[in-house]
Amino acid sequence: MNSRLVIKLIGNILIIEALFMFFPLLVSLIYGRGDHTAFIFSLLITAVAGASASSVKPKDNKIRTRDAFTATALSWIIISCFGALPYYFSGCFSSVIDCVFESVSGFTTTGATILIDVEIMPEGILFWRSMSQWMGGLGILLLIPALMPSIHASSVNILRAELTGPSPHKIVPGIRETAKIIYTIYFVMTAVLFILLLISGLSVFDSLISTFSTAGTGGVSNKNASVGAFGNASAEIILTVFMFLFGISFSLYYLPFAGDLKKLVKDEELRLYLGMAFVCVIIITINTSGIYGGFLKALRYTAFQVSAAVSTTGFIDANFSLWPAMSQILLIFLMFTGSCAGSTGGGIKIVRGLLLFKMVKVELHKVFHPDSVKTVKLNGKKINPEIVSKAALFFFLYFAILLPSTALIAADSKDILTSAEAVFASLNNIGPEFGLIGAAGSYYEFSVLSKIILSFNMVAGRLEIIPVLVLFTPAAWKKT
């Protein structure tokens, strides 16, 4: 490992994190709830640590694969630890583990919380919870190529390590230009959503919290009843649309500007994403019409929850734990498949399931036509068998983490169903679940060990496992 380069990268990320802490500090000063000192201390500590680490001069600025994966995994762990400082200094949380859990949940855009009553929290803390999800939506490490010309940006290793999906690709030839385009799209969509929520009647603070949580598909709210507390149908419709939009690959948004609208329309993952959501909305609306006394009212709540589930945002405007079994199963299915690769959403990503389905079709075809040469295709192009193998490997690793994590938490504190749902929610970065925790519940009662396991699962789920496993490989720590 090129340790000096990794340290420098982490240092620069901590400086970026320290700069972002200025905004919740400003909010805390405006509202005067006494949490400003927590952000002052946190900002100074993070800035000093970042400046010290970034001053390290690497002998080689080239980012190799293991450097990118190691730096990515370490960065997410370290920014989560420093991101927990405001929670710790504010005194709003009962233990260090709770602070770290809340911070990890934020940066990984999971949306799980140990808070029981969020409405008593100072505004600065609530703002930081939400902003951390926005920061973690696309990933902080991807900013480095755009901001550090000294790093060899021709390498795609950072893109591979941090963006989601089996095969992240550059929008344009240069990685720096790709990063700039992705973040420009992210900023513009965030700004448009904020303006629309203001127009809908939400306050500036409520609009900011909801915007950050929607863009990062994390779903934390400043209300105990989440979005449902606003009682604002217009805001719910806007959030329904934008949750869904943030679940689409950001590379696809660039296609109309590149004059390739045909490629956008024919994208198989996008079409499946749209189709799944549409079918589930219709079925669940019919299934819940009796509960809400009519099709249109059921459609409002169903569309919102389907959008929240498939994008893994986790907002709620209705208690879906009380919905019929069929509706709950469909929501769980959407939470599992998740959103499109290259979006801010979580889950296993629709394209992986699509690739494996196509692989099964190819294998069945070979049974009846042994001499035929047939390969997996996506969007009309042949897919490298290595990419298909990685998709299959991901499923194996996913369950290799889910099953023992469930067993450990069940043995430590909770029943098997609650444990499985908690692990599923953390690994898929979805947050809410159906059982003991419920749609708007808290993870407060979980033990220290369980919270540590769930925190690991949240990071593993956000980075799609491999970068985290690299840290446990002795070869990753050897000098380059």
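Here are a few friendly questions and answers about a predicted model.

The model is predicted, so local features need pLDDT of at least 70 and side-chain atom pairs count only at pLDDT 80 or more, while totals for chains, interfaces and linings use all residues. Residues are numbered from 1 along each chain as its sequence is written, and side-chain values use heavy atoms, with hydrogens and water left out.

Colleague: Is Arg 129 buried or exposed?

Modeller: Arg 129 has its place in helix 7, residues 123-138; helices here are DSSP runs of H or I with at least four residues, numbered from the N terminus. Leaving aside neighbours within four places in sequence, Arg 129 is in contact (heavy atoms within 4.5 Å) with residues including Tyr 87, Glu 102 and Ser 221. Buried means under 20% relative accessible area, exposed over 50% and partly exposed in between, using a 1.4 Å probe and protein chains only. At a relative accessible area of 4%, Arg 129 is buried.

Colleague: Which residues of helix 12 make the contact with helix 11?

Modeller: The axes of helix 11 (residues 204-215) and helix 12 (residues 233-246) come within 9 Å and cross at roughly 35°; axes are lines fitted to C-alpha atoms, for helices over the stretch in contact, and angles run from 0 to 180 degrees between N-to-C directions. Helix 11 brings Ser 210, Thr 214 and Ala 215, and these meet, from helix 12, Leu 239, Phe 242, Met 243 and Phe 246.

Colleague: At what angle do helix 19 and helix 20 cross?

Modeller: Residues in contact include Tyr 398 in helix 19 and Phe 424 in helix 20. The axes of helix 19 (residues 385-412) and helix 20 (residues 416-427) come within 8 Å, and their crossing angle is roughly 140°.

Note on methods:
Helix = DSSP H or I, 4+ residues; strand = E, 2+ residues; numbered from the N terminus.
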